[in-house]
Amino acid sequence: MLARLWWKEVRVFGWLWVFIVVLAVFSQCVALQVGDESWRHGALTQLVLSWAALYAFAVSSAAFAGEREEQTLRWLDVLPVPRSLLWGGKASFAVLSTLIMALVLTVIAELGTTHRDPQSYGLNAILLGFFALLLESVAWGLFWSSLSKHVLIAATLAIVCVGSIAGMAVEGVFFNLQTLNRSAWLRLLLASILFAISCVVITRNLQPERVQLPAPSFSRRNRVERRQGRRHSANWSLIWATCRESLGVWCALALLGILGTLAGRWWVEKDPMLSMATIFATVTSLLAGVNVFHADNRSLTYRFYVQHGVSAARVWLVKTAVWMVVLGVFWLGFALCFGARGLVVFLPIPAAFASGLLCGQVIKNGISAAVVASGVFVALGVPTVSAQMLFLVPLCAIALPPLVLSAASYSWANEWMLRRSGAKPILHLMGALGLGFTGLFLAYLAYRVGSVPDIGPVSDGVVGGVIPAGADRTGIKLYEAAHRSALRHHHRNSDALPAGRAGQQWSKEVNTVLARGWNPEAKAIVEWWRENQETIALVRQAAAFSGVHFEPQGVTSVVGTRGPRVVDLRDVLLLLAMDARERESRNDLAGAWDDIRLAFRVAHQATEDGGLIRWMVAAEYENQALHMALAWVGDPRHTRQTLRAALDDLKTIPERLPIAEAIKTESALWDQAMSLPGGELKPLVIESFASPEWKPYQIDLCLWLLANRAERTRARRVGRINFADLLQNCDYDPWKRPGLERTSVFDGRQGLFSLRDAIIILFGSHEMGYYLQSTPLVRYSFYAYFSLTNPGDTNLTDRRALVQLLALRLWQTEHNGEAPDRLDALLSSDLRSLPLDPYSGRRFGYVRSTGQSVIPLGLPADAWRFNEDSTVPSTKGQWLLYSVGHDRKDNGGKDSETSMNWSSGGGDIIYPVPDGRAKSRDGAEPAPK
């Protein structure tokens, strides 16, 4: 008889055994492909044994509750089988089948384990801890199965009990190996007690189970009509039948909801995302969906619906509506308990309910329907949530897959009621699901393309960066020769410095010369400058050419950057700065200004026929030239002639680099890149967002998701809108750009956006911020464009400050070295109007120093990045010219904006006015006018 009981259980749960093994193998393969090396060091064993625990809950919970649901326990009592033997057969099958599954899954996990970590994933420790856990799972399942009449409720209560005990034991970490091992004997003792209780409950309940024949509400229609004197509609009868059949399940779900609320309130301090409460909400919603048609499947009530001529559509609509109303009442209380924070709990509810609804309708066995519904929920939830997290779809799109499942369930309602056999109902269901999800995918593609308007090309379609035919390449060849020469000598001097300190020591010495002037004792700098005299001569020759065409920069400046050769001129500009400092030391101020003017020319040449990246490199060169000029202004030996010549020279140099043409060129390059076939774009896109440790299938998947034809069309449209926005605002001062309060939009997470508000602030429109955030191909490729305005704004501020400093120095030459009390005193033939602060739209600040720290003239805010700070104390009473800086807050020149506080938007940009009465560097008094 025991063998017959086992054979009966094998026929019922054999398919579930195979299903769990297949799921475990699939999850193991995914973990090995996607996960880190810890999976190969023993973590796989814990993963697969968790699937064995799921099987333990299912088989033990259905042991007696399943017999009550199917009303076969009375049939077993009729047989000459004592209840003790019945309990022994059910319990032994649950324990042995679970342990055999655990053994099989452990062997499978060993095949994927290359080297086991004995400390973290020791096999003996894992088997001991999970052996106790599996027996505890079986024991709780048998316990609740002996008391309950519903398999799903028994399984859920068993999972809740095991999870709650584990959660309280390890303070929020489920299935922690060390904790499982420490409490193994206590768990075995608890399992023994639960086994004994379930045995007593079953054996003492000697009265045979009574079979409750199905009694649908329609059989009582005549009595109800006679008693009330009016005719009830079929809808009210269906509602009454649904409430009567589901009352017990509702009470159980209400109990689970209360437990979930209490658990969520207890966990809220430990788990801000309310994960425990979300799990309860998902589980109860899935069980509710399964139970919509589970009672009808169990009691065959749908036969009476057919006999009384009730349509399948009406049955489906009424039953689903009743369950949704009851579920809504449950979660309304939950929402009132948690407030706005509880909204995250409601996100998985539609998918969980719809998955359970369809599986409970198609699969007769309740526990089987719940297991399959869990798989369907995960298969739908992972891609949907991932798409929403990447902003590929709006938040409301989370409800669309549940709608497809619900529509498929509605279309299959007729087959459900008529119980048609053969392949036609299966094909009908598969066709409904296939048609629904195909339409959903097509709607997704249409949304991705159609939600962004196409404003047309920003430029005339002429791609820049192409060297004209017959162009004179003498200038670029001279620049290339200068670069090779500077690079060779720079490396030789760097290698001569102590190991590990070459780059840091070199930068420190260079910045010291830039800030304090030429130092003959800096031997490395002096030697480097002397060895590069030929380099400086080559730069002078190259800058003399009117048209210098650098090499094309590839498909686009960011995607597939091969780099214009112009980026290699940093050392050349640094050499010019050193040469200017050396000339100043010899009182050759006019010759030093020639080097500065040459640096400005190199910066403007670098923007010819180039895109935005080349423009940003040129802005870096212009920044170097401006700081050379600021350092030059601070020399106390200036005469009116040198200062006047410099001011006149500065008026001939454009105030801004030509960014409009760079934007148009970049737009044409971007259109060209997004029109390439996928195969040609693949290596270029990989260079932008792929990580070196990515595997080939991960790269192909990302390319399929982020660089397909629809995504490239969307990216092209978003790029055009972005370039049009940049083109419209490129010549505006920062204060004219609405909402610009911060310029840092990254939080260190591999270039992902930290705040939606930061993007909106930067670009001044909600639409532009959403477009950039919801288009990964643009988001990962446009990273260099987000800070595009920063170098231009900084240079513009330095340029306007330089003009005023030159005017102040001219004033000092006429007033015995004294600076004016007001900037208005500068208005003369030398300066007809005062430049405005780009960050405030008002005049620059002009105050006396109280001894606060400032950045020396000629030194960028981040130049001494290897030191703790780049500021020095100012002289009390010294005049300070300042801009309000990136944060647009006027601090009165008290705080200097440096590289340490710039990212948080603090401090003013301060320019200390040189003292015109200071002695020359050789100790002599300044020369008379």
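This is a predicted model: local features need pLDDT of at least 70, side-chain atom pairs count only at pLDDT 80 or more; totals for chains, interfaces and linings use all residues.
Me: Which element gives the largest share of the nonpolar patch?
Reply: The patch sits on the surface and is formed by F441, L442, L701, W704 and L705, with about 500 Å² of accessible area together. Two elements give two or more residues to it, α20 (423-450) and α31 (696-706). L442, for one, has its place in helix α20. The largest share, 3 residues, comes from α31.

Me: And the surface as a whole, what percentage of it do carbon and sulfur atoms supply?
Reply: Of the 929 residues, 52% count as buried. The protein still exposes about 42100 Å². The part supplied by carbon and sulfur atoms is 61%.

Me: Moving inside, what is the volume of the largest cavity?
Reply: Counting cavities of 30 Å³ or more gives 2. The largest cavity has a volume of about 80 Å³.

Me: Which helix gives the most to the lining of that largest cavity?
Reply: The lining includes L514, R581, E584, H627, W632 and G858. Both α25 (570-585) and α27 (612-633) supply at least two residues of it. With 5 residues, the one that gives the most is α27.

Me: What share of the contacts with a separation of 6 or more comes from residues 24 or more positions apart?
Reply: A contact here means heavy atoms within 4.5 Å. Among contacts with a separation of 6 or more, residues 24 or more positions apart account for 78%.

Key:
Residues are numbered from 1 along each chain as its sequence is written. Side-chain values use heavy atoms; hydrogens and water are left out. Buried means under 20% relative accessible area, exposed over 50%, partly exposed in between (1.4 Å probe, protein chains only). Accessible areas come from the Shrake-Rupley method with a 1.4 Å probe; for residues, only the protein chains shown count as cover. Patches are made of residues with over 30% relative accessible area and no salt bridge: like charges are joined within 9 Å, nonpolar side chains (Val, Leu, Ile, Met, Phe, Trp, Tyr) within 5 Å. A salt bridge is a side-chain nitrogen of Lys or Arg within 4 Å of a carboxyl oxygen of Asp or Glu. Helices (H or I, at least four residues) and strands (E, at least two) are DSSP runs, numbered from the N terminus. On a 1 Å grid over the protein atoms alone, a cavity is a set of points where a 1.4 Å probe fits but cannot get out, and a pocket is an open set with protein on both sides within 12 Å along at least five of seven lines; lining residues have an atom within 4 Å of a point. Grid points are joined across faces, edges and corners, and a volume is the space filled by probe spheres set on the points.
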